[in-house]
Amino acid sequence: MHPSLKGKKALIVGVANERSLAWAIAQQLHQGGAELAFTYQGETLERRVRPLAESVKSTFVEPMNVQDDSNMDSVMSKFRDRFGTMDILVHAVAFANREDLDGRFVDTSRAGFLLSMDISAYSLVALAKRAEPLMEAGGSILTLSYYGAHKVMPNYNVMGVSKAALEATVRYLANDLGPKKIRVNAVSAGPIKTLAAAGIRNFRDILAKSEERTPMKENIDQDDVGALGAFLCSPLSKHITGSTMYVDSGAHIMA
Ligand code: NAD
């Protein structure tokens, strides 16, 4: 519970269903008293996202494709009309073609590389640029990463490269936006079964191996991501920016 989130206005990008890490963060922000707005990608997901939004008393539910600049402009303008200002932006978006999450990284096509980088890394820049003018009293921008940004993980391939770019993006954005008291951080989460994770071949093996590797001998769940995410969105972390913080039962310390 984060009482310091009371009245904060948050835009949550990346809820697909009840397993989504964005949803785990949204729930904890709601418990702390934040007002939430959601975007979803495509009509199929709208059917999943709308009831979730209603369950946390949110009536702002808009379609948004992070590859479409005018679509992002229009969502931000609607957010301003409804809420006036923004305090929190949660970016929990990633995508790569299935064939690029399998086999050899060296076989990644130019188009597949650019697609993954666009949706999984550049979209944070595009959204931060549009959030900046709304964050008049400072704010917190949060994204989601994975340790495959630093170490080679089987089948993570182009997504590992995109996450490396994402983590560097967090640092550069934190420097640009710091004077406006806008903080930018990433949560690097251990593996969790979600819709996006289902696109990674042998994800079940990754889960099993990860559990074995962690000092704690157990995997994390959505609530762990929600708790760290809410902390990084709250004034409790008011001097933390440019960081990638791990919630992975300690997997990242192991050789
Ligand atoms: P998810 O499938 O629930 O969420 C991914 C979201 O990205 C979906 O809502 C999808 O609609 C959205 N998305 C994809 N392309 C988009 C586009 N062009 N425009 C707008 N939205 C788009 O899966 P998740 O695991 O909750 O993923 C959220 C984030 O967490 C991702 O960045 C993922 O890489 C990261 N992450 C996941 C894990 C894990 O094991 N699940 C671990 C570490 C980090």
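At what angle do the axes of helix H4 and helix H5 cross? This is a predicted model, in which local features need pLDDT of at least 70 and side-chain atom pairs count only at pLDDT 80 or more, while totals for chains, interfaces and linings use all residues. Residues are numbered from 1 along each chain as its sequence is written, and side-chain values use heavy atoms, with hydrogens and water left out.

H4 covers residues 110–131 and H5 covers residues 157–177; their axes come within 9 Å and cross at roughly 20°. H4 is therefore roughly parallel to H5 (angles under 35 degrees count as roughly parallel, over 145 as roughly antiparallel, 65 to 115 as roughly perpendicular and the rest as oblique). Axes here are lines fitted to C-alpha atoms, for helices over the stretch in contact, with angles running from 0 to 180 degrees between N-to-C directions. Helices (H or I, at least four residues) and strands (E, at least two) are DSSP runs, numbered from the N terminus.

The crossing of H4 and H5 is right-handed, the near helix being turned clockwise from the far one by less than a right angle. On the H4 side the contact (heavy atoms within 4.5 Å) includes Gly112, Phe113, Ser116 and Met117, and on the H5 side it includes Val158, Met159, Val161 and Ser162. By class, 14 residues of this contact are nonpolar, five are polar and none is charged. Here Ala, Val, Leu, Ile, Met, Phe, Trp, Tyr, Cys and Pro count as nonpolar, Asp, Glu, Lys and Arg as charged, and the others, Gly among them, as polar.

H4 also packs against helix H3 (residues 69–83), at an angle of about 35° and with the axes 10 Å apart. This crossing, too, is right-handed. Asp69, Met72, Asp73 and Met76 of H3 meet Ala126, Leu127, Arg130 and Ala131 of H4. The contact of H3 with H4 holds five nonpolar, no polar and three charged residues.

Beyond its neighbours within four places in sequence, Gly103 is in contact with Asn155 and Asn157.

A further pair is helix H1 (residues 21–31) and helix H7 (residues 222–233), whose axes come within 8 Å and cross at roughly 55°. H1 is therefore oblique to H7. Their contact includes Leu21, Ala24 and Ile25 of H1 and Val225, Gly226 and Ala227 of H7. It divides into eight nonpolar, four polar and one charged residue.

Polar contacts are pairs of N or O atoms within 3.5 Å. A backbone N or O atom of Gly14 lies 2.9 Å from a ligand oxygen atom, and a polar side-chain atom of Gln41 lies 2.9 Å from an oxygen atom of the ligand. For Val93, a polar backbone atom is 3.4 Å from a ligand oxygen atom.

Terms used
Polar contact = N/O pair within 3.5 Å; in protein donor to acceptor, adjacent residues only side chain to side chain.
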